[in-house]
Amino acid sequence: MMTANDWWGVVIITVNFLVFGYFVVVNTTYLGLFIAAFVSAGRYVARKRLVNLDELFRSPLTPKVSVIIPAYNESSGIVESVRAALMLKYPRFEVIAVNDGSRDSTIAELVRGYDLRQVTKVVERPVPCADIVGVYISTVHDNLIVIDKQHGGKADTLNAGINVSTGDIIVTVDADSLIEPDALLKIARPFLEKPGETVAVGGVVRVLNGCTVASGNVTDVRLPHGFWANVQIIEYLRAFLGARMGWSTMNALLVVPGAFGAFDRRSLIEVGGYLRDTVGEDMELIMRMHQYFRKNKREYHIWFIPDPVCWTQVPVKMQQVASQRDRWQRGMIESLRAHETMIFNPAYGPVGMLSMPFYFFFEMLGPVVEILGYAVIVLAQVFGFLGLRFLWLFLSVAVLYGIIVSLLGIALEGVALQHFPRLSSLAKMTFFALLDNLGYRQVNTWWRTKAYVTYYTRRSKWGDMERASYQGEPGKEPTT
Amino acid sequence: MALTLAHSTAHIVDILSFSIVVMFLVLITVFAALVVMRLVLSRREARLEAIMEKIRPLIRDLLTSEPDLQRAEWKVEHLVPPADYHELEQVLLENARIVKGPELDVLTYIFENMGYVDEDIRNVTQGRDFKKAESAFHLGVMKSARAVPYLQAALSEPDERVVFSALNALAHIGTPEAVDGVMDFISGKRRIKSSRVGEVVLEQKKAFAPLIRGHLVEGTLPPERLGLLIDLAGAIRDTQAAPALIAYLDSGDDLLRSKAARSLGLTGDIGSCEALERVLEDPSDEVRAQAAKSLGQLSCTDAIGSLARAIHDPVLRVKMNAAIALTKLGSEGRAALAERLAVEEEQERGVVAEVLGTEDVRLRGMPGASRV
């Protein structure tokens, strides 16, 4: 006859086994995604040799691109951001900077920086957005338009840009990001190679902190100082580069980063633009695109390609990182809940059967399960149901598996971007790959679990982030 | 049951212990691979770059001061060690992308006589798909006329990369036989989705113009292919294609009509004005918008009245294009546009104000524009 204590033991040990199984499946899926990503990166790099970007640049058939830069309280870096966008190498493009009712001097900086004049503009609204209070054009750059609008959030700001745009391809770029000079040519390539079929393309976002920037270009790539920026470099390589490339090979990508993504304008308008009352507008849009095009049995592809690089500043203070992760998690919960009918729905192909369930069970519920796992293991240890040896072994396996996946992210960067870090950088990255899994991951898991509370209490709040100018200030981190 | 679980836990502990050993090994392997990648690959890359840096001045020197092809080849053969021939090929290819005429002839001669062409032809016929595509690309860059039959054969390969590379190469080579190969392909039934076929045609636009006109007149190709050819007729600014394009303004396909309206504006054929003016009444707003734009591009002053009326079109894009077109039709056009500032409809007034205001800022030093 089993006592109550025995029953508790059975429950706790069973939960332990489940958590262990869960952990094995998560990391093995990541490993699978990395294998797919390596194959895809190899093919992409090989194909790149057959493309002459100058031909694309010269071709009169290259479609017009509208680069939309949403800006909210970005007075410190907006002029440089726009300058970098204006310097891009592309035959026909316009830059649309959209001021989302900033409380600082963003619009004044732009007016001063580009000698802007206010003009009348009739704007149709194929996608919803808040009222536009002013449209400005520059006397020095024919292809620059600045929109001043009432505050409505990032999605609303992007929608305003879409409404004003005249290009065939919409490229969204965050105001705190820099894109490489030939990135537009590279990101436009899938639209040329698979016209009609390509509806969205995501580019690689890399961490700008620590790099040297001159005249709007990244001239020297270095690792930053400080824990938070470095650990995010590893996180970007592991979770963003590897996983996204893997999903893209199956046309099951669920995120085209808001910091740098390209969209077919017609398709974007057809699906209704960005959803305004969400903090995860980039993920929600891609899920909606999958849903719309699959439902309408349209041939489409959403790509992630590794070399059109966008550099972005990552937060360097713990509170800012926490706030950003909280927002990302809330965005994911909102998006997945909004499209929950797609999960395990074979009508949506690999999106419904693979990537949506993966995100639902491992990315959305993952933090909760992980926290539960830690709690149960500690309980089992405290009450003597499991030995100390089991506890250490379990944690060691978890951390080691995580480190392997993080290192694969670093290796993938070498293959995809053909950027081989210095040996000292490699040692530093390996050290942070360890910290990524032993410390950061647990803290991040806690923030993401807390996001459930925030989700129910303040759904659409973004939180603020201090921006540094690209030129930086002497002695101040980041040195971007 | 508790016993079974305890037993299972013991098993799990064994599995975990074993996993840790395996993972340590994997971890060390991945780390070692990273170090190797860093040391070997980047050093190899640096070494290759160093060799290419040595070869580059020699090739530049030949291009600028050695008109004799045989002597040029002799110099390369004797100055570059055979071990560095792979790097030599890269340098030849990078130069071939940027030079033309006699300078390219020097490179082509060296490429041909040092065995690179034979090797690439072998790859195109026998290699794996990617190698075929890459070698076809090389042969095109080097304008190797001898490779034409092999490239033509590659057009029937199942892999789209190979086909596109072969097409591109044939267009670059540009001999009559090479162009024939591309023509046969374009006239054939095989579907190739990439609009980059257009770039191939543009490379040899004079040679392709009659073919494009011929197909447009026949009109037997599938709509997708006809659409591409209509775009190309405009892109190569082929005035002689205008009659065929005008005929497409009556097509039952909205997309073909709008493409034809757009291309007519690019051809520069002022004889198209009347036909374009007519389609300002087309049921498709895309066709009307393109027609309005083209009327401005062609400076069709006779269409001022129709364009002024088009400002009242229900679709904003048509109004906008009509207003912009009027600014391109001299003082008469601008006057007709300015008159519309007095119309009752708010959107129409807005469009006119926008176009005139933008013009003012960009062309006239901004009188009337409000300084912020």
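**View 1. A:Asp182 and its charged partner A:Lys186 in the predicted model.** In this predicted model, A:Asp182 counts as partly exposed, with a relative accessibility of 24%. The residue forms a salt bridge with A:Lys186, and the closest N and O atoms of the pair are 3.5 Å apart. Side chains of opposite charge can pair when their charged atoms come close.

View 2. A:Asp220 and A:Arg222 are joined by a salt bridge in which the closest N and O atoms lie 2.9 Å apart. A:Asp220 is partly exposed, with a relative accessible area of 24%, and A:Arg222 counts as partly exposed as well, at 43% relative accessibility. Elsewhere in chain A, salt bridges that share partners link A:Asp100, A:Lys149, A:Asp156 and A:Arg276 into one network. A search of the whole structure, taken over all chains, finds 38 salt bridges.

**View 3. A salt bridge that crosses between the chains, A:Lys121 to B:Glu354.** The closest N and O atoms of A:Lys121 and B:Glu354 are 2.7 Å apart, and the two residues form a salt bridge. The pair crosses between chains: A:Lys121 is in the loop between β3 (116–119) and β4 (132–138) of chain A, while B:Glu354 is in helix α20 of chain B. A:Lys121 counts as partly exposed at 27% relative accessibility, whereas B:Glu354 is buried, with a relative accessible area of 6%.

**View 4. The interface of chain A and chain B.** On this interface, 61 residues of chain B are in contact with 64 residues of chain A, and the two chains bury about 5,800 Å² between them, 70% of it on carbon and sulfur atoms. The count of salt bridges between chain B and chain A is two, and one of the salt bridges joins A:Arg266 to B:Glu286, with the closest N and O atoms 3.8 Å apart. The side of chain B that touches chain A receives two or more residues from each of α1 (2–65), α6 (129–141), α8 (160–173), α10 (197–203), α12 (223–235) and α20 (346–363) of chain B. Of the elements on that side of chain B, α1(B) gives the most, with 24 residues.

**View 5. B:Leu245 within the helical fold of chain B.** Chain B has 20 helices and zero strands, and 52% of its 372 residues count as buried. B:Leu245 lies in helix α13 (residues 242–248) of chain B and counts as buried, at 0% relative accessibility. Leaving aside its neighbours within four places in sequence, B:Leu245 is in contact with B:Leu216, B:Ile230, B:Ala233, B:Ala260, B:Ser263, B:Leu264 and B:Thr267. The C-alpha atoms of B:Leu245 and B:Arg213, which are 32 residues apart along the chain, are separated by 8.9 Å. Among contacts in chain B between residues at least 6 apart in sequence, 65% join residues at least 24 apart.

View 6. A:Ala36 has its place in helix α1 (residues 4–48) of chain A and counts as buried at 18% relative accessibility. Although A:Ala36 and A:Gly246 are 210 residues apart in sequence, their C-alpha atoms are 4.9 Å apart in space. Apart from its neighbours within four places in sequence, A:Ala36 is in contact with A:Gly246 and A:Thr249. A:Thr445 is found in helix α14 (residues 423–457) of chain A and is buried, with a relative accessible area of 4%; setting aside its neighbours within four places in sequence, A:Thr445 is in contact with A:Pro367, A:Glu370 and A:Ile371.

View 7. A:Phe344, A:Met353, A:Leu354 and A:Phe361 make a nonpolar surface patch of about 360 Å². A:Phe361 is in helix α11 (residues 349–364) of chain A and is partly exposed, with a relative accessible area of 34%. A:Phe344 lies in the loop between α10 (318–338) and α11 of chain A, and it is partly exposed, with a relative accessible area of 48%. Phi of A:Phe344 is near 60 degrees, a positive value in a residue other than glycine. A:Asn73, in the loop between β1 (65–71) and α3 (78–86) of chain A, has a positive phi of about 50 degrees although it is not a glycine, and A:Asn73 counts as partly exposed at 23% relative accessibility.

Notes:
Residues numbered from 1 in each chain as written. Chains lettered and ligands numbered in written order. Predicted model: local features only at pLDDT ≥ 70, side-chain atom pairs only at ≥ 80, totals over all residues. Heavy atoms only, no water. Patch = residues over 30% accessible without salt bridge, like charges linked within 9 Å, V, L, I, M, F, W, Y side chains within 5 Å. Areas by Shrake-Rupley, 256 points an atom, 1.4 Å probe, with all protein chains shown as cover. Salt bridge = Lys/Arg side-chain N within 4 Å of Asp/Glu carboxyl O. Helix = DSSP H or I, 4+ residues; strand = E, 2+ residues; numbered from the N terminus. Buried < 20%, exposed > 50% of the residue type's maximum accessible area, 1.4 Å probe, protein only. Contact = heavy atoms within 4.5 Å. Buried area = accessible area lost by both parts, 1.4 Å probe.
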